[in-house]
Amino acid sequence: MNTPPDAEARRAVKPVICYPVETLPAPDMDMFGAARATLIKTDEVVVPPREAATFTVPAGHFFRISSIEGPQVGDLNLWNANNLEERFYSGKTRALHGTHITRGHRMWSAFPALRPMATITHDSLEWYGKDEFGGSVHDVIGTRCDPYTHNLLSGGHYHHCCHSNLTRALADHLGIPVAEAEPHVHDVLNVFMCTGFTHDTGQYFMKASPVRPGDYLEFFAEINLLGALSACPGGDCSTAHSSDHAQCYPLLVEILKPDPATLKNWRSVPASGYDRSHGT
Ligand SMILES: [Zn+2]
């Protein structure tokens, strides 16, 4: 390894933020606060341990994911309920908001729409912040546990990874074979999961989630949503995943309707204004 003489000077260059977010359309958190005070539950789904379930949320409604029986991590997929091609874009959400998202952050959709699908309106784990290891909750870095990586690293055929749970749940919801449903499953929001990158090697790590029964993460649906949530086989993700070893618990998803009068100034953000000619 040849280190150049000005190595320290090159390393000392100050970073700049790739995507300054000052020009993003800002969510009106005061409006959401007023709407939250009027919520009435219209539906609920309990996601069994090591399984996934789907749910739909009309634009202008809220949904809430709660820990109910014990510390449990959830892997969330979101689609435009009217067009499955428009789905959550974990990578761009990470580029805009950072590695972990919380109240006031948004879940952005894939190209060519690139618009807010959901806005986080409450996070009972907001107090956690960042710990001494660089860990935080609700990451958009960890893709989802899947049987392919498991097979690569350990061999075997484990069928209750979040990827497979989400695939089965979507196939059931749409009434299509799993082979047709699988390509719609995408990188997730890791709800309640506590993760980061190690300081020395930059490797993705997980640690026991700080979530406890009663904690919840709440979202406002900016468009009509189809959601799928998997109760990860890793449980609180303190030791292992991709196996039946961890203690797992169900998760609760509630759909909540606000008084429409509180949202009279709210509009769905239109799809991206880029003309899509790509220079041709
Ligand atoms: Zn998982």
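This is a predicted model: local features need pLDDT of at least 70, side-chain atom pairs count only at pLDDT 80 or more; totals for chains, interfaces and linings use all residues.

Trainee: What makes β1 and β13 a pair?

Mentor: Pairing takes at least two bridges between the strands. Seven bridges join β1 to β13, so they pair. Within that pairing, Val 46 stands opposite Leu 252 in β13.

Trainee: How do you know that β3 pairs with β13?

Mentor: By the same test. Six bridges join β3 (residues 62-67) to β13, against a cut-off of at least two, so they pair. The two strands run antiparallel. Arg 64 stands opposite Glu 254 in β13, and Ser 66 stands opposite Leu 252.

Trainee: Which sheet do these strands belong to?

Mentor: An open sheet of six strands, in the order β1-β13-β3-β11-β7-β6, with antiparallel pairing.

Trainee: Why are β1 and β6 called edge strands?

Mentor: Each of them, β1 and β6 (106-108), pairs on one side only. The twist from one strand to the next averages 25°.

Trainee: Which residues have the most contacts inside the largest nonpolar core?

Mentor: Phe 63 and Leu 229, in a core of 59 residues. Beyond its neighbours within four places in sequence, Phe 63 is in contact with residues including Phe 55, Val 57, Phe 219 and Ala 221. Val 253, Glu 254, Ile 255 and Leu 256 are also among its contacts.

Trainee: How do you know that the length of helix α5 agrees with its residue count?

Mentor: Helix α5 (residues 162-174) has 13 residues. At 1.5 Å a residue, the span should be 18 Å. The end C-alpha atoms are 18 Å apart, so the two agree.

Trainee: Which parts cover the buried residues of α5?

Mentor: The cover includes β2 (52-57), β4 (74-80), α4 (147-154), α6 (178-181) and β12 (225-231). Among the buried residues of α5 are Cys 162, His 163, Leu 166 and Leu 170. Gly 175 follows α5, with a positive phi near 65°.

Trainee: Why is α4 said to lie largely in the open?

Mentor: It has eight residues, and the number buried is zero, so α4 lies largely in the open. Just after α4, Gly 155 has a positive phi of about 75°.

Trainee: Why is Phe 32 called buried?

Mentor: The cut-off is 20 or more other C-beta atoms within 10 Å. Phe 32 has 23, so it counts as buried. It sits in helix α2 (residues 29-36). Outside its four-place neighbourhood in sequence, Phe 32 touches Pro 27, Thr 121 and Phe 220. The C-alpha atoms of Phe 32 and Thr 262 are separated by 8.1 Å, though the residues are 230 apart along the chain.

Trainee: Is Leu 114 buried, exposed or partly exposed, and why?

Mentor: Partly exposed, because Leu 114 has 17 C-beta neighbours inside 10 Å. Exposed would need 12 or fewer, and buried 20 or more. Leu 114 lies in the loop between β6 and β7, and its phi is positive, near 40°.

Trainee: What makes the bond between Phe 111 and Pro 112 cis?

Mentor: Its omega is about 0°. Pro 112 is in the loop between β6 and β7 (116-123).

Trainee: Why does the phi of His 138 get a mention?

Mentor: Most residues other than glycine have a negative phi. His 138 has a positive one, near 65°. His 138 is in strand β8 (residues 136-139). It is buried, because 27 other C-beta atoms lie within 10 Å.

Terms used
Residues are numbered from 1 along each chain as its sequence is written. A nonpolar core is a set of buried Ala, Val, Leu, Ile, Met, Phe, Trp, Tyr and Cys residues joined through C-beta atoms within 7 Å. Two residues are in contact if their C-beta atoms, placed from the backbone, lie within 7 Å. Helices (H or I, at least four residues) and strands (E, at least two) are DSSP runs, numbered from the N terminus. The expected span of a helix is 1.5 Å times one less than its number of residues. Axes are lines fitted to C-alpha atoms, for helices over the stretch in contact, and angles run from 0 to 180 degrees between N-to-C directions.
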